[in-house]
Amino acid sequence: MKQLLVTLLFMFPALVMAQKYTERMNDEIEAYKIGFLTQKLDLSADEAKIFWPIYNNWQKEQTALRKERMQKMINYRKIAEIEELSDTEIQNLIENSFSIKQRELNLERKYYYRLKSSLPIKIVGKFYRAQEAFKKEILVKYRFNNARPQPN
């Protein structure tokens, strides 16, 4: 029991450090994304006053949904074997996955319509194109350079 306690005491700082590192990396990526979008969208001051509050609210809702999805994924990963589950439990896992995907799509549509009703459609189109470009860029930077994103 003492060994377990000592081990946990030594592991706790490492776990806290790993969590802080992950949070810092997420903050860096989000800051990089904001700079990337600012550059690509080239919004006027009036357009920026409309766009950024909508974008920030969207990000908050996406973050909450991602946390929920991750929690459900963690619960799913803990399942040793599908054979140990009842048919109902398996069905619930699959339907929960569908539900999250549908909610993600609903959120995407909700904010598409908010953007479309508030800004010119060309800016909305630029935003969607910039989001895809950002995903590709961030994947390349992390996959091939294994480094933090660097602003252009």
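Student: Where does Gln62 sit?
Tutor: Gln62 is placed in helix α2, where helices are DSSP runs of H or I with at least four residues, strands are E runs of at least two, and both are numbered from the N terminus. This is a predicted model, in which local features need pLDDT of at least 70 and side-chain atom pairs count only at pLDDT 80 or more, while totals for chains, interfaces and linings use all residues. Residues are numbered from 1 along each chain as its sequence is written, and side-chain values use heavy atoms, with hydrogens and water left out.

Student: Is Gln62 buried or exposed?
Tutor: Gln62 counts as buried, at 14% relative accessibility; buried means under 20% relative accessible area, exposed means over 50%, and partly exposed lies in between, with a 1.4 Å probe and protein chains only.

Student: And what does Gln62 touch, not counting residues up to four places away in sequence?
Tutor: With those residues left out, Gln62 touches Leu107 and Glu108, a contact being heavy atoms within 4.5 Å.

Student: Which side chain has a polar contact with that of Gln62?
Tutor: The side chain of Gln59 does, at 3.1 Å. A polar contact is a pair of N or O atoms within 3.5 Å; within protein, one must be able to donate a hydrogen and the other to accept it, and residues adjacent in sequence count only if both atoms are side-chain atoms.

Student: Switching to charges, how many salt bridges are there?
Tutor: The count comes to four salt bridges, each defined as a side-chain nitrogen of Lys or Arg within 4 Å of a carboxyl oxygen of Asp or Glu. One of them joins the side chains of Glu61 and Lys110, with an N to O distance of 2.9 Å. Glu61 lies in helix α2 (residues 45–77) and Lys110 in helix α3 (residues 87–118), so this pair ties together parts that are 49 residues apart in sequence.

Student: What does Arg103 pair with?
Tutor: Arg103 forms a salt bridge with Glu68, and their closest N and O atoms are 2.8 Å apart. Because Arg103 lies in helix α3 and Glu68 in helix α2, the pair ties together parts that are 35 residues apart in sequence. Arg103 is partly exposed, with a relative accessible area of 34%, and Glu68 is partly exposed as well, at 28%.

Student: Where do Glu132 and Lys135 lie?
Tutor: Both lie in helix α4 (residues 121–145), three residues apart, which is about one turn of the helix.

Student: Now the core: which residues touch the most other members?
Tutor: In the largest nonpolar core, which has 22 residues, these are Leu37, Phe51, Leu115 and Phe127. A nonpolar core is a set of buried Ala, Val, Leu, Ile, Met, Phe, Trp, Tyr and Cys residues joined through side-chain atoms within 4.5 Å. Helices α1 (2–41), α2, α3 and α4 each supply at least two residues of this core.

Student: What is Phe127 in contact with, leaving aside its neighbours within four places in sequence?
Tutor: Phe127 is in contact with Leu37, Leu41, Phe51, Tyr55, Trp58 and Leu115.

Student: And the chain overall, how many helices and strands?
Tutor: The chain has four helices and zero strands, and buried residues make up 20% of its 152 residues. Among contacts with a separation of 6 or more, 70% are between residues 24 or more positions apart.
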